[in-house]
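Hi,

Here is the structure I promised to pass on. Have a look, and then read my notes below.

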Amino acid sequence: MNRSFKSRWLLAPLAAAALVGCASMQGTTPSSAQLRDAASLGLSESRAAAEVAPVEPQWWRALGDPQLDRLVEQALQGNPNLRVAQARVARAMAAVDGVDATSGPQLNGQFDATHQRFTAKGMVPPPLAGSVEDTATLQLNGSWEIDFFGKHRAALDAALGTAQAAQAEAAAARTLLATNVVRGYVQLARLQDQHELAQRALAQREGMLALVNQRVSAGLDGVLEQRQSEGAVPEARQQIEAIGEQMQLTRHALAALSGQPTQDPAPQAPRLAGLRPLPEPQAIPTDLLGRRPDVAAARWRVQASRGEVDNARAQFYPNINLVAYVGLSSIGLDQLFSGGARQWGIGPAVRLPIFDGGRLRANLSGKNAELDTAIESYNAAVIEAVHEVADQLASARSVAQQRAQQQQALQSAESAYSIAEQRYRAGLSNHLQLLSAETAVLAQRRLDVDLRTRALQAQVNLAQALGGGWRASTEQP
């Protein structure tokens, strides 16, 4: 066989494929969804704003509490849900390797040995016809699917997008876990301050009861004032017990988040005054929202869907393989390694879809619909990100204004109570007036604790809304 004949032999299947044509894509519905850009969301694309308002990856350390730092680290190391997310990343990376492996040459070994009777009434010639013989084949089979139409490249893009999305989702799980630990810790600090206020209220009411008993003995107060003071004491004790229960449940929640439900020793209750406020960004450019891992995951899901669309489109074109084999084949095991048992072959294999009942078109339309879904999911994630950041900024600024007004109200309530106590001791006012003034002070102190807690929680929520300091890896899977 001369060289020109060989060339014609190799090109013949390709020419036949070109003449026959491919399955038609007519009737498929292309993707129509569009990614939202910064301008459509009313956001700035300035990077300068991002540089003056970054969120550190370990943003919780800015609160300045070593015990909180330890709790977050324990949670990031021991939480089972986070390990599930990491396992999903490993599975996605394995899928990338699997897809990438299909694009290269494949080689496998084969050994077949059969003890069989050859038919005497078929196409087997004598002396094999009607005889019982052993047949054996020992060979290497190779194949290489040549990616003329980008099918493997598209499949790899889809797998890479899925892997990158899994990595971002794992980062989102880490951010959520750290945020939940910090939220629980701030709540524990709030309960500790409320517990101290409740104990101060109990001591105050016990002191008031002793004073009323003295005034009753002196004939200055009656039984009504005495019963009112007696009832206030168990009410204060009940509040202390209720707050203690909430503190215990919060400790249990923190232990569960860290993967140590029997955490020992239990974390000491912090104080709100010991937690420093987090820095607040003055502007929210697109760059900061792009650091949210959930937004990045949604964007990479779009990339994965586009790869799947390209792969589905490539299925309409010929599948061209270069196949080869070399080995030994014989009738009779004793002849397997003889010189005449050698065999080999090489050639192209072309598979061309011509009529499939619409299966390929349906698959392509489905992938286009999935791409639309991924794009709109990304748009929804971006809109929700803007919404969350705007809400937390508004809450943080409003709480700051509320605290300024509430401090004035607290000072007025404490001044009024001091005057009422002096008037009561001098016999110039009754017990109800003193109790009313005391109730106002306690209410303002509780409100002060709640507002300080809300201020910290808004800062924590803003750090989460800005992605928790996450940075996309520069290394591609």
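This is a predicted model: local features need pLDDT of at least 70, side-chain atom pairs count only at pLDDT 80 or more; totals for chains, interfaces and linings use all residues.

Which strand is Trp144 found in? Trp144 sits in β2; strands here are DSSP runs (E, at least two residues), numbered from the N terminus. With a relative accessible area of 38%, Trp144 is partly exposed, the class between buried (under 20%) and exposed (over 50%), with a 1.4 Å probe and protein chains only.

Residues are numbered from 1 along each chain as its sequence is written, and side-chain values use heavy atoms, leaving out hydrogens and water.

Trp144 belongs to a nonpolar surface patch of about 750 Å², together with Leu107, Leu140, Leu322, Val326, Trp344 and Ile346. Areas are Shrake-Rupley, 1.4 Å probe.) At least two patch residues come from each of β2 (132–146), β3 (319–331) and β4 (342–351).

The loop between β3 and β4 holds Asp334, which is exposed at 65% relative accessibility. Asp334 lies 199 residues from Thr135 in sequence, yet their C-alphas are 9.8 Å apart.

As for confidence, the chain's mean pLDDT (the predictor's per-residue confidence, 0 to 100) is 82, and 85% of residues reach 70 or more. Over residues 16–20, though, pLDDT is below 50.

Cheers

How values were computed: Contact means heavy atoms within 4.5 Å. Patches are made of residues with over 30% relative accessible area and no salt bridge: like charges are joined within 9 Å, nonpolar side chains (Val, Leu, Ile, Met, Phe, Trp, Tyr) within 5 Å. A salt bridge is a side-chain nitrogen of Lys or Arg within 4 Å of a carboxyl oxygen of Asp or Glu. Helices (H or I, at least four residues) and strands (E, at least two) are DSSP runs, numbered from the N terminus.
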